[in-house]
Amino acid sequence: MTFRYLAAALAAVIFTFGLSAAQAADKDVIDYRQNLMKSLGAHAGGLGAIAQNKVPYGDNLAYHADAIAAAAEAAQLAFEQNLPGGTSAANIWENWEDFQGRFASLADAARDVAAAARSGGMAEAGPKMGSLFICKSCHDTYRTE
Ligand code: HEC
């Protein structure tokens with residue numbers, strides 16, 4: 001009897017902890033992927049400022065392009081869990097291959113820009129930079145606002 005009572009109490013505790021852990025994880029997952037996207041925004045902003053000659057830091061072009069490639073790679077895992085929320089729409093997980101493919105294309109394009117920046121600076125990287133600005137089409141398709 002005592003054992004059964006204990007077992008039931010333990011099960012209740014495990015259930016409660018399990019539940020709150022799952023809720024915390026959801027928020028953490030959303031925070032994590034949003035932070036990753038913010039870093040993408042920060043590096044796109046860096047590239048833009050250099051490309052528009054607002055700052056004379058052309059030697060950092062490859063750095064920002066590398067960072068965009070890395071964030072676009074990391075984003076594929078960050079969104080893997082089917083978890084609508086933040087401004088992520090549910091259709092992401094209904095069209096997972098298309099969604100993930102867009103991040104893969106962004107990573108490829110960013111690696112291409114980084115290589116061009118290393119070999120020929122702004123003159124070579126500049127014409128390729130347009131290929132990075134696929135942000136809006138993905139946001140228009142897969143965000144709720
Ligand atoms: C494959 C689709 C996709 C691509 C490509 C993409 N994004 Fe996003 N982005 C998202 C989604 C989905 C969210 C919503 C994240 C959430 O709230 O869960 C988001 C959110 C953001 C946010 C807001 C983060 C916050 O604070 O909530 C920023 C900033 C951002 N993206 C910048 C960019 C930039 C800059 C690019 C291009 C260089 C880009 N994104 C490319 C899908 C994409």
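**Iron, then rings**

Guide: H139 is the only protein donor of the ligand's iron atom, through NE2 at 2.0 Å; donors here are N, O and S atoms within 2.8 Å of the metal (3.2 Å for Na, K and Ca), and water is not among the atoms, so sites may look incomplete. Keep in mind that this is a predicted model: local features need pLDDT of at least 70, side-chain atom pairs count only at pLDDT 80 or more, and totals for chains, interfaces and linings use all residues. Numbering runs from 1 along each chain as its sequence is written, and side-chain values use heavy atoms, with hydrogens and water left out.

H139 sits in helix α5, residues 135-142 (helices are DSSP runs of H or I, at least four residues; strands are E, at least two; both are numbered from the N terminus).

Now the rings: there are five aromatic pairs, counted when Phe, Tyr or Trp rings (for Trp, the six-membered one) have centres within 6.5 Å; planes under 30 degrees apart are stacked, over 60 edge-to-face, the rest tilted. F79 and F99 have centres 5.2 Å apart and planes at 65°, so they meet edge-to-face. F79 is in the loop between α2 (61-78) and α3 (91-94), and F99 is in helix α4 (residues 96-125), so this pair ties together parts 20 residues apart in sequence.

F99 also pairs edge-to-face with Y142, at 5.1 Å centre to centre and 90° between the planes. Ring pairs join F79, W96, F99, F103 and Y142 into a cluster.
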